[in-house]
Amino acid sequence: MSQSYNRGLVEDFSRWKEFSAGMWAWIFHKFTGWMLIGYLFTHIAVLSTATSGEMVEVNAADLPNVEGTGMTEVPLYDATLGGLESLLIIRILEVGLLAVAVFHILNGIRLLMVDLGIGLEAQDKSFYASLILTGIITVASVPTFLAGVGF
Amino acid sequence: MSTQQPEPESQEAPTDPEFQGAESSVDEAERSGGDIDQTAADPTDLEGETVLIKVFRYDPEVEAKQEPRFDDFHVPFTKGMTALDAVIYARDQYDSSLTFRHSCRQAVCGSDAFFINGKQRLACKTQIAELEQPIRIEPLPHQEVVKDLVVDMDHFYDQMHAVEPYFQNEETPAIEDLEEQRQSRENREKIKMSTRCIWCGACMSSCNIAAGDNEYLGPAAINKAYRFAMDDREPEEIKEHRLRIVEQEHGVWRCQTQFSCTEVCPKDIPLTEHIQELKREAVKKNLKFW
Ligand code: HEM
Ligand code: SF4
Ligand code: FES
C-alpha cells in the first residue's frame, strides 16, 4: 500500500448525533463524576475557610439564616453560608448539583449491574430510566432548593 | 457463439435508461485528472423509484481523488435491495473505479462492513428501504482508507491473531479420543453466539476505546478469546493462559461498557457481555479469599 488516508477524529465527537444509549451513558457518567469531584473540592475550600469562629458584622436582612433586621454580629461560618444561600445562582447550581449527583448514582448502579452481568440486554432502557428518574427528582426538588429566593 | 458482438446501444445515444448514468464518464475524466462530474445519473432520466447514495471516494493514485469527497449516485430501487446491491449497481453502471470489498452477499464472509448513515453495518445485510435518504456510505471509521470503501484491516487481523484463535491442548489426546472431541450441549450453548463472528471489523471500528488505544485487543478479539476460554474441551491450563492474554493492560480492562460494539455487530454477538464475563473470570482467577 503506497498511501492511505486517515480521517482522524471526524468520526468521533463530531458524530455525537449518532451516539447510542451506552455511549451517552458513558459520557454523562464521566462528566457527572468529574463535576462531583469539582464540587467536593470547592465545598472543602469554602468550609475550611469559614470555620475560624471569627465574628463578622452583617446586615441581617441580607441573610436567610440570620433573624431580625439591621447590622448584627454573626460567626463567619453563618455569614459565609448565609451569604451564599441568599444568591439565586447558588440555589440554581444546587439544583444542578442534585441532578448531577442523582444521575451519577443511578447510572453508577446501572454500571455496577453491568459489571455483574445483570440485565445487559436492557442496558439502554436502564440508561433512559436513570435519565427520567433524574429529571423527576430534579424537578421535584426545585421548590425546596429555591425556597426563599423568589419562590 | 459469434465473437462479433453488436455495439451496445448506449454508447451511441444514452436513451437506454440503464445507461444514462454513465454519461458523466467519470473514469475518462479521472484518468486525465480533469474536473469530474461528481453526480452520476440524473434521477429524472431513470424510470421508477430511485435512491440517492452518497459514496465516499478517495484514491491516492488518482490526482483528482487524493482529496476525499462524496460522489452521488442515483440507483433504481428494487424491492429487497441492500446497500451492497446499490453500490454494486453504481459500480457496474456508472463508475467502474468505485472500489469496495464484497463476496458472499449473505452476511457470511464479513468483507463488506461499511459506515452507512452513521453506523457500522454489513452492506449486504442492510435494507435500503430501512435507511433514510440520502444514504451516506463511507469506509469503516478508525481504520486507514486504502481506496474508496476499502480500509486497511491489518491491525484488526493482528489483534484477532494475538488471542491465539485456535483450539489448543497441552498434549495430544489419547488415540481413542482423537476421532471426535465431544462438547456438552450446555457448553455448546454457552459459546454459541461467540462462534458466530465473521471478522468484519464493525465492532472494532465502532469502539471509542479502540480508537484511542491502538493496542487494545478490541471486542472481536476478546470475543474470540471468550469462545475458546469458555470451551470445556480445552484444559484448565490453556484457559488460564488465555485469561493471562486478555487480562493484560490493553485487554478486557480497557472496555468501558459503552455497548457500541454490541450495538453494531451484524451477527448479534453480545460482545459487551462476553467482555464483562472475562473481566469477572480474570478477577476470580487473581483474587483468592477462599
Ligand atoms: C452512590 C454514589 C456513587 C456511585 C454508585 C458511583 C458509581 C460509580 C461507578 C460505578 C463508576 C465507574 C464507571 C465506569 O465503570 O466507567 C464511577 C466513576 C466515577 N465516580 Fe462515582 N459513584 C458514586 C458517587 C460519586 C461521588 C460522590 C463522586 C465525586 C465526589 C464520584 C466521582 C466519580 C468519578 C470522578 C468517576 C470516574 C469518571 C471517569 O470515568 O472518568 N462518584 N462512579
Ligand atoms: S464480533 Fe461481530 S462486529 Fe465484531 S468482527 Fe465479529 S461479526 Fe463483526
Ligand atoms: S458480502 Fe459477505 S458479508 Fe457481506
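Predicted model: local features only at pLDDT ≥ 70, side-chain atom pairs only at ≥ 80, totals over all residues.
1. **The overall make-up of chain A.** Let us start with the chain that holds that residue. Chain A has 4 helices and 2 strands, and along the sequence they follow the pattern α-β-β-α-α-α. The chain has 151 residues, and 28% of them count as buried. Its accessible surface comes to about 9200 Å², with 70% of that belonging to carbon and sulfur atoms.

2. **Contacts and domains in chain A.** Take the contacts in chain A with a separation of 6 or more: residues 24 or more positions apart account for 54% of them. The chain is divided into domain 1, covering 38–86, and domain 2, covering 93–151. The C-alpha centres of these two domains of chain A lie 30 Å apart.

3. **Helix H3 of chain A.** This helix runs over residues 88–116.

4. **What covers H3(A).** The buried residues of this helix include Arg91(A), Val95(A), Phe103(A), Asn107(A) and Val114(A). Ala99(A), Val100(A) and Val102(A) are also among them.

5. **The iron site.** Which residue gives the iron atom of ligand 1 its single donor from the protein? That residue is His104(A), whose NE2 atom is 2.0 Å away from the iron. To find His104(A) in the structure, look in helix H3 of chain A.

6. **Where the two chains meet.** The contact between the chains takes 30 residues from chain B and 25 residues from chain A. Three residues, Glu144(B), Gln258(B) and Phe259(B), supply 22% of the area that chain B buries against chain A, more than any other three residues. Between them, chain B and chain A bury about 2300 Å², 50% of it on carbon and sulfur atoms.

7. **The domains of chain B.** Here the domain assignment gives domain 1 (3–151) and domain 2 (154–286). Their contact takes 13 residues from domain 1 of chain B and 14 residues from domain 2 of chain B. The area buried between these domains of chain B is about 1000 Å², and carbon and sulfur atoms give 55% of that area.

8. **Helix H2 of chain B.** This helix covers residues 83–94, and its 12 residues should span 16 Å at 1.5 Å a residue; the end C-alpha atoms are 16 Å apart, which agrees. H2(B) is mostly covered, with 9 of its 12 residues buried. Among the buried ones are Leu84(B), Val87(B), Ile88(B) and Tyr94(B).

9. **Helix H7 of chain B.** Why is this helix described as largely enclosed by the rest of the structure? The reason is that 11 of the 11 residues of H7(B), residues 219–229, are buried. The list includes Lys224(B) and Arg227(B) as well as Ile222(B) and Phe228(B). Among the elements covering them are H3 (154–162), H4 (185–192), H8 (236–246) and H10 of chain B.

10. **A closer look at Asn223(B).** Asn223(B) lies in helix H7 of chain B. It counts as buried because its relative accessibility is 1%, where the cut-off is under 20%. Leaving out residues up to four places away in sequence, Asn223(B) touches Ser194(B), Cys197(B), Ile269(B), Leu271(B) and His274(B).

11. Gly251(B) is in the loop between H8 and H9 of chain B, and at 0% relative accessibility Gly251(B) counts as buried. Gly251(B) and Gly218(B) are 33 residues apart in sequence, yet 7.6 Å apart in space, C-alpha to C-alpha. Ala211(B), found in helix H6 of chain B, counts as partly exposed at 35% relative accessibility. Ala211(B) and Pro141(B) are 70 residues apart in sequence and 8.8 Å apart in space, C-alpha to C-alpha.

Note on methods: Residues numbered from 1 in each chain as written. Chains lettered and ligands numbered in written order. Heavy atoms only, no water. Donors = N, O, S within 2.8 Å, 3.2 Å for Na, K, Ca; no water. Domains from an automatic or database assignment. Buried < 20%, exposed > 50% of the residue type's maximum accessible area, 1.4 Å probe, protein only. Contact = heavy atoms within 4.5 Å. Areas by Shrake-Rupley, 256 points an atom, 1.4 Å probe, with all protein chains shown as cover. Buried area = accessible area lost by both parts, 1.4 Å probe. Expected span 1.5 Å × (residues − 1).
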